Amino acid sequence: GEVKYFYVVSCDIYDNISPETSRTYTYDAIAPQVPIASAMSQYFNTDFSLSLSVDSSNALAPEFIMYTTDGSELGSCSDGILYSHPLTINATTTLKAIACDQAGNQSSQISHTYTKDTTPPAAPGISGAAGKEYYKQDFNIQLSTGGIGEQLRYILQTTPAANTLTCKNGKTLLPGTDIRISSTTQGEVQYLYAVSCDFAGNHSAELSRSFTYDSIVPNTPRTSEYRQFFNTDFTITLSLDTPDVVAPERIKYTTDGSILASCTDGALYSSPININATMIIRAIACDQAGNISGEFSHSYTKDTTPPDPPLITGDVGKAYYNQEFHVQLTTAGTAEQVRYIRQASPAPNTLSCENGTIAASGANIEVPRGAAQGAVLYYYFASCDLAGNKSTEISRTFIFDDIVPNTPTASDLRMYFNTDFNVSLSTDTLGVIAPETIR
């Protein structure tokens, strides 16, 4: 800091003196402070302005800054560009700078690299969420990033907020840290949104998941057909009553009677089931939250053996009749059913287990008076079992005849005789319907 003052004049032989010239020379051997950049080395995705400064509060000689932006070294204060205003950083740039003073001292060199990166990182990975779109008890999930040094940000709330998350809002999270998914309100939805952020401030595509709480057990499945015995193959459908469903439901079933202990057992129901043999159907309803219904179970027994025909009583000697009467039919099997047809014209082999009139075993079946003399009633009877098998058909014909036969006549009407002889009895059978006999 010592100052040397120098004064000088010119004198001629006539003792004339020139105006005085003066100079001061200040001694300064201390190097300036290193320049300060307004931003350190970093990644960026948006152009920004960078300023350079130097602390010259203790400087003697005036100071200035020289810099380069192409990474070239500054060997002396004559190298580089004189800094005069803020620099625009709009591409990947390596900045080098020194501070110089007018004494020729120079500072150490600073170097900062600004890397432009506009490529978004990969979206966060998620674990622990598989199959948990619907859930019935609390669980944890974890998020991960695809790149080293990336940061996670997330939102977890009960209202949708898609595409609102950036690298400047939400909560920060270390990869692998547990996020608790929890609720006690039936049907409540937790919405998760997460992004990965890199050093440049780029954020990934948004990861979104929703988790719906459902603790209500599904209703038990039901079948379209509850018959127990059958003789012809048929199909059944399984269905669910789902008026208040939150989590989607599915039906699992077995056809061999095996128990369904969980929703991983059995086959997934997707189409009608063909019942073509004796089988036991078991089914449960499962929802995506892991709730399981009670078990449905029903047996289907295939039986193609026809029952014995019914036994008929009360019809003996009644092929012709003159007043109403009843017959009784008895089945050979305890669970069998009698079906019959009564009509005025023949109709053999038209009776089935799906038509005709049903009569209980042993019940009276009326044979009414005929509509006219000679009217014929045709009856067809069969036994039907629970499987729908029909016995051999039996038939009866009843002919109505309420006209009294003519009085018999004798071939000899003598009253007294002394010699044995024969008489014959006869009757006039003109217009006869029922065969007649003389007693």
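User: Which residue forms a salt bridge with aspartate 233?
Analyst: Lysine 302 does, and in this predicted model the closest N and O atoms of the pair are 2.7 Å apart.
User: OK, what about arginine 396, what does it pair with?
Analyst: Aspartate 315, with 2.5 Å between the closest N and O atoms of that salt bridge. Arginine 396 lies in strand E36 (residues 394–400), and aspartate 315 is 81 residues away in the loop between strand E29 (311–313) and strand E30 (320–321).
User: Why does aspartate 315 count as buried?
Analyst: Because its relative accessible area is 11%, and buried means under 20%. Arginine 396 is partly exposed, at 29%.
User: How many salt bridges are there?
Analyst: The count is ten. Another of them joins lysine 116 and aspartate 47, at 2.8 Å from N to O. Lysine 116 is in strand E11 (residues 110–116), and aspartate 47 is in the loop between strand E4 (42–44) and strand E5 (48–50).
User: Switching topic, which residues make the nonpolar surface patch?
Analyst: Phe6, Val8 and Tyr25, covering about 290 Å². Phenylalanine 6 belongs to strand E1 (residues 3–8) and is partly exposed, with a relative accessible area of 44%.

Methods. Residues are numbered from 1 along each chain as its sequence is written. This is a predicted model: local features need pLDDT of at least 70, side-chain atom pairs count only at pLDDT 80 or more; totals for chains, interfaces and linings use all residues. Side-chain values use heavy atoms; hydrogens and water are left out. Patches are made of residues with over 30% relative accessible area and no salt bridge: like charges are joined within 9 Å, nonpolar side chains (Val, Leu, Ile, Met, Phe, Trp, Tyr) within 5 Å. Accessible areas come from the Shrake-Rupley method with a 1.4 Å probe; for residues, only the protein chains shown count as cover. A salt bridge is a side-chain nitrogen of Lys or Arg within 4 Å of a carboxyl oxygen of Asp or Glu. Helices (H or I, at least four residues) and strands (E, at least two) are DSSP runs, numbered from the N terminus. Buried means under 20% relative accessible area, exposed over 50%, partly exposed in between (1.4 Å probe, protein chains only).
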